[in-house]
Each structure stands twice: as C-alpha cells, then as structure tokens.
Amino acid sequence: MRARPDLIEHLPRLRRYARALTGDVNRADDLVQDTLERALAKLDLWQPGSDLRAWLFTLMHNLFVNQIRVRRPQETVMEDALDEPVSGGQMEALAARDIHAALARLPEEQREVLLLVGLEQFGYAEAAQVLGVPAGTVMSRLSRARERMRQMLAGESEIKLKLVR
Amino acid sequence: MTDTVHEHELHAYVDGTLPAARRLEVEAWLAAHPEDAARVQDWIGQNQSLHAAFDSVLNEPLPLNLVRATRRPALPAPFRAMAATLAMLVTGLVGYAIGLGSGEQAPTAPTAYLARDAAIAHAVFSPEARHPVEIDAAHAEHLVAWLSKRVGTQLQAPDFSAQGFELLGGRLLTGETGPVAQFMYQDKIERRVTLYVRRAVAGNTATSFRHATESGVDVFYWIDGDFGYALSGQIGRQAIQQLADAAYRQLVTASAKP
C-alpha cells in the first residue's frame, strides 16, 4: 500500500481560500468539507509526487463552479459581459465598504484568480492549472480583477475623505 | 536600459515572481512612470489587505467535522492518531480528541504529542511565502514580549546565527495546554525551522532530548521545567540536532540567570 497523503495540513489554507471566495463562514466550510470528501473518493487518481495542494484547490474550484451554476442558472459564464462596470466607479464604491465587499462584487472568475495569486501565492502557471484555463486567461483576469478592485477601493477612500471634511 | 515594461511584468513584480535582474529594471521603470507606480502600489496594497482580512483563518481552531472529513472510515492507526492530535492541537480538548476515533488509544507518552503537534504546526506555517509569521523579526522585542505574556512565561527566541539561521518572526497558536508560541527561522537558501514552545502537560518532568520524525519533519523535543520545547524542520536530522543543542544551551543559560 502506498503512503497516504496527508490532507490535514492543507486544511487551514483550504479554509482561508474558501472563506475569501464565498465570503461566508458556513458556506466556506461546507465547500471545504465537500472538497475533502471528493478528495478522499478520488485519492487514487492523485499522482504521488505531484502537488497535492494544487490538486485540492482544483477540486475546490470545480465544486465552487458547480455551486454557482446551480445557484444562478441565469448568469451563465459570460466573463466579458460581467466585466464591464455597470455604473460609474463612484456608485460601485458606495457599496464596496471594504475589501470583503469589494471581493464580493468581483465576478467569480476574477475573484478566484485574485485570491489564488494574491492570497494563496500560487504561481500564474499553477493558478491556470487549478482553474483549467490558459495562462493568458489568468493574466487577463488578474489584470481586470486588480483594476476593478482598485476602482472600488480608491472610490471608497475618496468618499471617506469627503465625509471627514 | 529598459525599453519597455509589459503589464504582465508589473503583476509579476507585485507577486514577487520576477528574476532579480528584471526586478531592478522594473523598479527603474516605475521610478520614471508614476501612473504605473501608483497602480503597482495599489495592487501591493490589495495583496496586503487580503492577507490582513483572511490570514486569521489559518489560526482558527479547525472544526471537528472537517478534521474527521480528512480521514477515511478505516484509516491506518498513525493517521487516526494524527487526526486526533490535530483536533487536540486546535481545540485543546483532550477528551474530545481521544473520543474522536473509534476507540483508538491515546499515545502512551504525553510528550509524544508535543513532537506531533510541533510537526503539524511546522507543516502548516513554514511554507507560507509572504506571511509565515504574525510578527516579524524587525519587531523582535515586541514579539517576544507579546508571546511571553500570552504563553505565561518569559520566553526567549534563541539566536541561531552561528548555525546560519535568522529569526523570521513568530506567531501565537492554540494548543492542548493553552497558548503556544512558534518562532520561525530561515537560512540563506530559505530553509525554515520552527521552535514550538508551550506549557507542558501536568506531571511531566524534565526529559532529555528526544527525536521523532512526523510526516517527514524531524523534531527534536525536550521538557524543561513547566515548558515543552520542540524544534522542527526538514533540513536533515543532524542539522536540526545542532540547532536544538544550541537552543537548549541558550535557554538553560537564560533561565539560570536571576
């Protein structure tokens, strides 16, 4: 019998990513639990020696995408359409009170890339592998995510300044 | 000279993935292009905000249902014990952890937990590239004072510079016997070791050095007075032992002072 990989040490990071991704403690831990169950069921498919962490994040990504499809069937994956700011940055900024709110307003595809790279410190190629998209797509999503966050968070500080004055 | 810098290189700069030489060129570019510099600054701020908002999750007690979910129904005994230990590490509930599996035995020597808990804490935090510690070594005095207060004794971060390891910083964890201090060190090629310090389980007396290997992590541990110490790393048994010797000597000397 081959050595069993240790899932426990990956738990804290899976929970951190899920928390940031879903913005909700319970939903995040449910996602982690589903991921672990999926991982145990498919453990024989995991290649020993390959990156277990990336594999677990891949499983979580797939489950997350399925959840979104079930929750919001009307919003099919139309990244570019979602990407255009509907209103001016200022109006969006009103709702984006902090990093949590700003994250929640990012399209999921962009949020995933921003978190995998900016929080979980995956390389671009690794993030592409986790998400199952070309590296170029990771870069364009990252670029859009960061610019959009910038608009939201910058707008926020302008408004704060006005309030203070 | 830098002719031009592509946007993806600005991102790579922010994420620390540029080769050193190119990094310098990008810095020169940013000095001359304030708009790009402002963007880059904001992006770095976003990464920092993300860590500030979510790193605390790493330190949270793990829900027992998730600890259980990492195990198959019939796990081999070492993994059952490991899961139980982690539950204990994070909940501090000895009874809970022992009852977690289907009647498995608690390890016979309480000190064995120390090695395993230390190894797990090492495995969780040492791979963190940007935020391996809560308080970095630049604030060493504050770090030591803070951890000392929380753990309940005057702690000391041993000096491993003679062995080529510099203090990176430390963090506070939750353990079976209360708060745990973890000091992290790094050498020139970014290998990391951690020193794990917590109050010893009641009834323990001083022990000699012991060695354990937990999930590929070498741990040297000992009990001194009311506290247990464990030094963990994956730098080879001999190297860890040298560091542990140094730590032991320094800590004993320190505690002998009035």
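This passage describes the folds of two chains and the contact between them in a predicted model.

Chain B comprises 10 helices and seven strands. Of its 258 residues, 36% count as buried. When contacts within chain B between residues at least 6 apart in sequence are considered, 56% join residues at least 24 apart.

The seven strands of chain B form an open sheet, in which the order is β1-β2-β3-β4-β7-β6-β5 and the pairing is antiparallel.

Individual strand pairings may be described in turn. Strand β1 (residues 135-136) of chain B is joined to strand β2 (residues 166-175) of chain B in the antiparallel sense over two bridges, and D136(B) stands opposite G169(B) in β2(B). On pairing with strand β3 (residues 178-186) of chain B, β2(B) again adopts the antiparallel sense, here over nine bridges. Within this pairing, T174(B) has P179(B) in β3(B) as its bridge partner. Strand β6 (residues 217-224) of chain B and strand β7 (residues 227-233) of chain B are likewise antiparallel, with seven bridges between them; F220(B) has L231(B) in β7(B) as its bridge partner. In a regular strand, side chains alternate between the two faces of the sheet.

In chain A, two helix pairs were examined. The axes of helix α1 (residues 11-22) of chain A and helix α3 (residues 52-71) of chain A come within 11 Å and cross at roughly 25°. The two helices α1(A) and α3(A) are therefore roughly parallel to each other, and their crossing is right-handed. The contact brings L14(A), Y17(A), A18(A) and L21(A) of α1(A) together with L56(A), F57(A), M60(A) and F64(A) of α3(A). By class, the residues of this contact divide into eight nonpolar, no polar and no charged.

The second pair consists of helix α7 (residues 108-118) of chain A and helix α8 (residues 124-131) of chain A, whose axes come within 10 Å and cross at roughly 135°. This angle makes α7(A) oblique to α8(A). The crossing of α7(A) and α8(A) is right-handed. From α7(A), the residues E112(A), V113(A), L116(A) and V117(A) meet Y124(A), A127(A), V130(A) and L131(A) of α8(A). The residues of the contact of α7(A) with α8(A) comprise seven nonpolar, no polar and one charged.

The contact between the chains takes 35 residues from chain B and 32 residues from chain A. On the side of chain B that touches chain A, at least two residues each are supplied by α1 (7-14), α3 (34-54), α4 (56-59), α5 (64-69), α6 (77-91) and α8 (110-125) of chain B. The largest share of this side, 10 residues, comes from α3(B). The residues of the side of chain B that touches chain A divide into 19 nonpolar, 10 polar and six charged.

Definitions and conventions: Residues are numbered from 1 along each chain as its sequence is written. Chains are lettered from A and ligands numbered from 1 in the order in which they are written. This is a predicted model: local features need pLDDT of at least 70, side-chain atom pairs count only at pLDDT 80 or more; totals for chains, interfaces and linings use all residues. Two residues are in contact if their C-beta atoms, placed from the backbone, lie within 7 Å. Helices (H or I, at least four residues) and strands (E, at least two) are DSSP runs, numbered from the N terminus. Ala, Val, Leu, Ile, Met, Phe, Trp, Tyr, Cys and Pro count as nonpolar, Asp, Glu, Lys and Arg as charged, and the others, Gly among them, as polar. Two strands pair if DSSP finds at least two bridges between them. Axes are lines fitted to C-alpha atoms, for helices over the stretch in contact, and angles run from 0 to 180 degrees between N-to-C directions. Angles under 35 degrees count as roughly parallel, over 145 as roughly antiparallel, 65 to 115 as roughly perpendicular and the rest as oblique. A crossing is left-handed if the near helix is turned anticlockwise from the far one by less than a right angle, and right-handed if clockwise. A residue is buried if 20 or more other C-beta atoms lie within 10 Å of its own, exposed if 12 or fewer, and partly exposed in between; C-beta atoms are placed from the backbone.
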